Each structure stands twice: as structure tokens, then as C-alpha cells.
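Colleague: I would like to go through the labels used for this model and hear what stands behind each one. Can we take them one at a time?

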Amino acid sequence: MDITYDAQVNAAYVTLGNEARGLKTVVVNDVVLLDFDADGALYGIELLDARRQLGIGARSTIVVTAGGQSATLTLAPAK
């Protein structure tokens, strides 16, 4: 799993899959998009307006836990 954050557009992307082959994007709503690979498995999740969706507010980090391991993701300050 990989998580990236683009402060310029305030978007986060969670990559779950290993290879991006023939991705198909499904728009869930105005701020959540899901990418499925050619086999129909969920490849990634894009969160627009990420700071609000992740409940970050004035904080600059979030902690992500998966598979029993934790990682801290540092986000750029809100503009």
C-alpha cells in the first residue's frame, strides 16, 4: 500500500494494487474516485478535498495502520 498527497490540489491517493494495467475509474461522488484494474480488483482510491475528508484540519500528519504496521504521513500546511 502506498499513500501520496498533492498539496497543490489537496488530493490523496491510496494505491492498493501492484500494477496499473487498464485502469477504469468509477466516480463515487464529487470527492471519491475508485480505480479498478483490468481484472476488476480495486487498485486505488483518490480522495479530493483530502484534508477535510481525512479530518486533518490544522494537523499536518495522519497515522495510517494496515496489516499491523503503522506509518505517519506528513501533509503540507493548508493554504
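Colleague: Why is threonine 74 called exposed?

Modeller: The model is predicted, so the area is a computed one. Threonine 74 has a relative accessible area of 57%. Exposed means over 50%, so with 57% threonine 74 is exposed. Threonine 74 is found in strand E7.

Colleague: What makes strand E3 and E4 a pair?

Modeller: The cut-off is again at least two bridges. E3 (residues 24-27) and E4 have 4 bridges, also antiparallel, so they qualify. Valine 27 stands opposite leucine 33 in E4, and a hairpin joins E3 to E4 through 4 residues.

Colleague: Which residues make up the largest nonpolar core, and why is the set called a core?

Modeller: The set has 7 residues: Tyr5, Ala12, Val31, Val32, Leu34, Leu47 and Ala50. Such residues count as a core because they are buried and joined through side-chain atoms within 4.5 Å. In soluble globular proteins, nonpolar side chains tend to be buried together.

Colleague: With which residues is valine 31 in contact, leaving aside its neighbours within four places in sequence?

Modeller: Valine 31 is in contact with Glu46, Leu47, Leu48, Asp49, Arg52 and Gln53. Contact means heavy atoms within 4.5 Å.

Colleague: What makes a residue part of the lining of the largest pocket, and which lie nearest its centre?

Modeller: A lining residue has an atom within 4 Å of a point of the pocket. The largest pocket has 10 of them, with Met1, Ile3, Val64, Ser70 and Ala71 nearest its centre. Strands E1 (2-6), E6 (61-66) and E7 (69-74) each give two or more residues to the lining. The largest share, 5 residues, comes from E7. By class, the lining has 6 nonpolar, 3 polar and 1 charged residues. The volume of the largest pocket is about 150 Å³.

Definitions and conventions:
Residues are numbered from 1 along each chain as its sequence is written. This is a predicted model: local features need pLDDT of at least 70, side-chain atom pairs count only at pLDDT 80 or more; totals for chains, interfaces and linings use all residues. Side-chain values use heavy atoms; hydrogens and water are left out. On a 1 Å grid over the protein atoms alone, a cavity is a set of points where a 1.4 Å probe fits but cannot get out, and a pocket is an open set with protein on both sides within 12 Å along at least five of seven lines; lining residues have an atom within 4 Å of a point. Grid points are joined across faces, edges and corners, and a volume is the space filled by probe spheres set on the points. Ala, Val, Leu, Ile, Met, Phe, Trp, Tyr, Cys and Pro count as nonpolar, Asp, Glu, Lys and Arg as charged, and the others, Gly among them, as polar. Buried means under 20% relative accessible area, exposed over 50%, partly exposed in between (1.4 Å probe, protein chains only).
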